[in-house]
Structures are given as C-alpha cells and as structure tokens.
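Subject: Structure handover

Hello,

Please read the notes alongside the coordinates.

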Amino acid sequence: MKLTAEMLRRIAKSTPSATNAASLIGALDKYGSDIGVDQPHRLAQFVPQVMTESGGLKDNKEIWGPSAAQILQASAEEKQASK
C-alpha cells in the first residue's frame, strides 16, 4: 500500500509539516518492506502511532523530558523496584 501526503493530512485532521510527511513517506517507500510495514494491516497500526508521537507530524524530535515530573516519577519507580 502506497501512503500519500493527502492520506497523512486526512489522518492528522490538520496540515502536517510537508517536510515531515515527505520524510515519513520516503522512509516507508525505501524501508517499509524491509521492516514489514508495507502491508495494510501493519501500516494501519504504525501510522497512528507515528501521528500520536509526532503531534500529527508537526514534531520530528522528542519533546517530552526529562521534566521535573518525569524525574520524580523515575525516582519513585526506582524506590518501588528496590523494595
């Protein structure tokens, strides 16, 4: 299945970054079959995950953390795990 920029726009329900959309489409065209994301049922799982993590293809880098809340959470998890 060939993913298009129009499909990504419809999925995002907004206008994604053209650069990020082109990057995703290019990567899927080049590597999709190598990693098994060329099948519709796999693409149907992969694309929503990418859209969620990228804010609808608006972001292309990690923007979450480490915040003070994350540091506290990690510390609490470490303490819990060491019990």
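Helix H4 takes in residues 68-81, which makes 14 residues, and reaches 20 Å from its first C-alpha to its last, close to the 20 Å expected at 1.5 Å a residue. The expected span is 1.5 Å times one less than the number of residues in the helix. Helices here are DSSP runs of H or I with at least four residues, numbered from the N terminus.

This is a predicted model, in which local features need pLDDT of at least 70 and side-chain atom pairs count only at pLDDT 80 or more, while totals for chains, interfaces and linings use all residues. Residues are numbered from 1 along each chain as its sequence is written, and side-chain values use heavy atoms, with hydrogens and water left out.

H4 is hardly covered: the count of buried residues among its 14 residues is one. Buried means under 20% relative accessible area, exposed means over 50%, and partly exposed lies in between (1.4 Å probe, protein chains only). Gln 70 is placed in helix H4 and, at 13% relative accessibility, counts as buried. Between Gln 70 and Gln 49 there are 21 residues in sequence and 21 Å in space, C-alpha to C-alpha.

Now the charged pairs. How many salt bridges does the rule give? The count comes to three, a salt bridge being a side-chain nitrogen of Lys or Arg within 4 Å of a carboxyl oxygen of Asp or Glu.

One of them pairs Lys 2 with Asp 29, where the closest N and O atoms are 2.6 Å apart. Lys 2 lies in the segment before helix H1 (5-12) and Asp 29 in helix H2 (residues 18-35), so this pair ties together parts that are 27 residues apart in sequence. Asp 29 has 47% relative accessibility and counts as partly exposed.

Glu 6 pairs with Arg 9, with the closest N and O atoms 2.7 Å apart; both residues lie in H1, three residues apart, about one turn of the helix. Arg 10 also forms a salt bridge with Glu 6, the closest N and O atoms being 3.1 Å apart. Arg 10 and Glu 6 are four residues apart in H1, and so are separated by about one helical turn. Through shared partners, the salt bridges join Glu 6, Arg 9 and Arg 10 into one network.

Regards

Key: Helices (H or I, at least four residues) and strands (E, at least two) are DSSP runs, numbered from the N terminus.
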